Amino acid sequence: MERGSTQLTGVRARALTGLCATLLPAENGGPDPAGLSAALSDFLARQPAPVTGAAVGGALALEVCSLVSSGRVLSRRTAEERAALWRSLHGVGPVGLGLDGLKALVLLVHGSRAASALVAAAANAGPPPRPDAELRVTSSSHWPSWSRVDVAVVGSGAGGAVTARTLARAGMSVLVLEEGRRHGVEEFRSTAPLERFAGLYRDGGATAALGRPPVMLPVGRGVGGTTLVNSGTCYRTPEPVLERWRDQAGLDWADPSRFDAALDEVWEMLQVGAVPAAVMGRNGALALAGADTLGWRAGPLMRNAPGCGGCCQCAIGCPRNAKFGVHLNALPDACAAGAQILSDARVERVVVERGRATGVLARRRDGTLFTVRADAAVVVSAGATETPPLLRRSRLGGHPYLGRNLAVHPAVGVSGRFEEPVVAWQGVLQSAAVEEFHQSDGILIEATATPPGMGTMELPGVGPGLLRELEGAEHLASLGAMVADRPVGRVHGRRRPLLRYDLDRADGRRLVRAVGIMGRILFAAGATEVLTGIPAMPRVRSTDELDHAVALADPRRMHVAAFHPCGTAAAGADARRFPLRPDGALRGVERLWVMDASTLPGCAEVNPQVTIMAVALALSGRLAARLGASDAAGHDAPAVAATVQA
Ligand SMILES: Cc1cc2nc3c(=O)[nH]c(=O)nc-3n(C[C@H](O)[C@H](O)[C@H](O)COP(=O)(O)OP(=O)(O)OC[C@H]3O[C@@H](n4cnc5c(N)ncnc54)[C@H](O)[C@@H]3O)c2cc1C
Ligand code: SF4
């Protein structure tokens, strides 16, 4: 649960102010450092303790370095002196990565505050939003200490929502337990961007995998799961991936000829369509123009966002309800068929009696516990990072591969500066793809912007130089590349996940190659310079310089993020390698299934929401049949009790 919002005081507050003044000096037109520091302090209060500790510790260390090197605290030094200190420390081995983390935090808070009016105006422009869907959501604070259903589904994201839909339509009483709360469109239209960001993501967005390099790995939390904050990009699972899952994991349902039906149903439910040119925005158009000049295969992305107005806020909740997260389709379908959703309900463990899952023990926000008995099945859909710890807390973590096999689809970003303004935040957040290197090299490139003010974290420089970069931010176009990775990561932990991911060498080389490819696209589109994200050569002005930068790049020093964790409780035929049976049932216990990103045997190699939903659809259909219930048409009487007894 979140910690309260508290302001830091005394020496710690002064250190944060010094940090803000170093990065964005007021003397050169930067924001008032005390005000920015107060906002930063407020934001940090919503982060997990280790993040707050590292940020405050880093700021204190910077003050100490200033004192030691000059005998003066930061506030008594000039902007240039502060910037020089930063630059000298940045070159000291791993210190650079820590300073980059501090800078990212300060720029996120500053950018979000500065753009807050712009965000509000864009959120409220255009026709009235689609209303929120009819959902039967109850907060756990109003739920009794004991209740009984047929099926308890843990997690309301891509996997859990589709599972609940199938089972409710099959006539079972289904209760979806979700740790987060319900968010609505009016909230997205009226709340400041930083508040939205901190409220919609687990740990305020600070989830990261430790390793070389560390990987930022944000996941959503709320009714709708990560689909609340995702970009809405839709891909059908590539056939070679399905064939591999069929042949190497022994998953009969992954045969492309069978899986197609599930993909079709999800495609239709999500109302997928190509990004219209009218809302694509210049960021996507430049990516397409660059690819066209190079003769590379590219096109508008397919998305589940009918009526999208191109306000670029998908990552902090769509203010139009245009983006069809599962809170607008699978969950209302499930509720229409009788399912109920319990929000603010963190499942502490699955209850197991005589080798059978019989329900869940969950915690309300006030810390009190309650039990839900599930007569037919418990389905865990808590996502790839949360499912393994939950199973361990339930003493079901015995399989040696549970928590292993973590693939994340690692990503790097590159920006290009153009003479004309790009204003990347006017248009769809993720709008176009360059697929030339996808099948051949596993490199998928997507034109991806950020909500206004939230994309400045990667800008190079410090102090006066950084302020100049910020002034030119509207001239930048940005691309992101993801590589299909080996599943080398691991989710440790019981109470909360501890993620470890050491980038595979070959995947690292492909990420570096992707930087070169993206740089070429941007130059081909007319960029005058490219910001590479490569510390040794952050800025290049020609393809020759780009090649040089790529040759110098060390992937372990690059800023890597990931948005598609999967594989941590994988399904497969070989009992030694896969914690789940092919039908998603956890080995070693009865009546417990896992249906979420964990279930996938490996990286889907594309943005995975459609794949996760289609897998959940295929597996939950089998589960419904196994439990003896009818299909969606409701022909047969359900074999189990059909009402939630509360
Ligand atoms: C910023 C971002 C952008 C993305 N963009 C795209 C995109 O454009 N296209 C795409 O295909 N994919 C995208 N993704 C990924 C995609 O949204 C996820 O892969 C997908 O939602 C994962 O589904 P899931 O069911 O495994 O987990 P989630 O959707 O994350 O749902 C899990 C839910 O379980 C809840 N939960 C966890 N533990 C517990 C517990 N103990 N008790 C109760 N509830 C619990 C969580 O709060 C969460 O709501 C994006 C992801 C991110 C972070
Ligand atoms: S760009 Fe994203 S947030 Fe904006 S309307 Fe379209 S789907 Fe919604």
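The side chains of Glu529 and Arg539 meet in a salt bridge, with N and O 3.0 Å apart; the term denotes a side-chain nitrogen of Lys or Arg within 4 Å of a carboxyl oxygen of Asp or Glu. Because Glu529 lies in strand S19 (residues 529-531) and Arg539 in strand S20 (residues 539-540), the pair ties together parts that are 10 residues apart in sequence. Glu529 is buried at 6% relative accessible area, whereas Arg539, at 28%, is partly exposed. Buried means under 20% relative accessible area, exposed over 50%, and partly exposed in between (1.4 Å probe, protein chains only).

The model is predicted: local features need pLDDT of at least 70 and side-chain atom pairs pLDDT 80 or more, while totals for chains, interfaces and linings use all residues. Residues are numbered from 1 along each chain as its sequence is written, chains are lettered from A and ligands numbered from 1 in the order in which they are written, and side-chain values use heavy atoms, without hydrogens and water.

The count of salt bridges comes to 43. Glu179 takes part in one with Arg221, at 3.6 Å between the closest N and O atoms. This pair links distant parts of the chain, 42 residues apart. Glu179 also meets Arg346 in a salt bridge, at 3.4 Å from N to O. Arg346 lies in strand S10 and Glu179 in the loop between S3 and H8, so this pair joins parts 167 residues apart in sequence. Both Arg346 and Glu179 are buried. A network of salt bridges includes these two residues and Arg221, Glu348 and Arg363 among its members.

Helices (H or I, at least four residues) and strands (E, at least two) are DSSP runs, numbered from the N terminus. Strand S10 (residues 346-353) pairs with strand S11 (residues 356-363) in the antiparallel sense over seven bridges; pairing requires at least two bridges found by DSSP. The two strands form a hairpin with two residues between them, and Arg354 in the turn has a positive phi of about 45°. Val350 stands opposite Val360 in S11.

Ligand 1 has 40 residues around it, and Gly159, Glu178, Thr226, Thr233 and Gln609 come nearest; a residue is near if one of its heavy atoms lies within 4 Å.

| Residue | Ligand 1 atom | Distance |
|---|---|---|
| Ala158 | oxygen | 3.3 Å |
| Ser231 | nitrogen | 3.0 Å |
| Gln609 | oxygen | 2.6 Å |

Note on methods: Polar contact = N/O pair within 3.5 Å; in protein donor to acceptor, adjacent residues only side chain to side chain.
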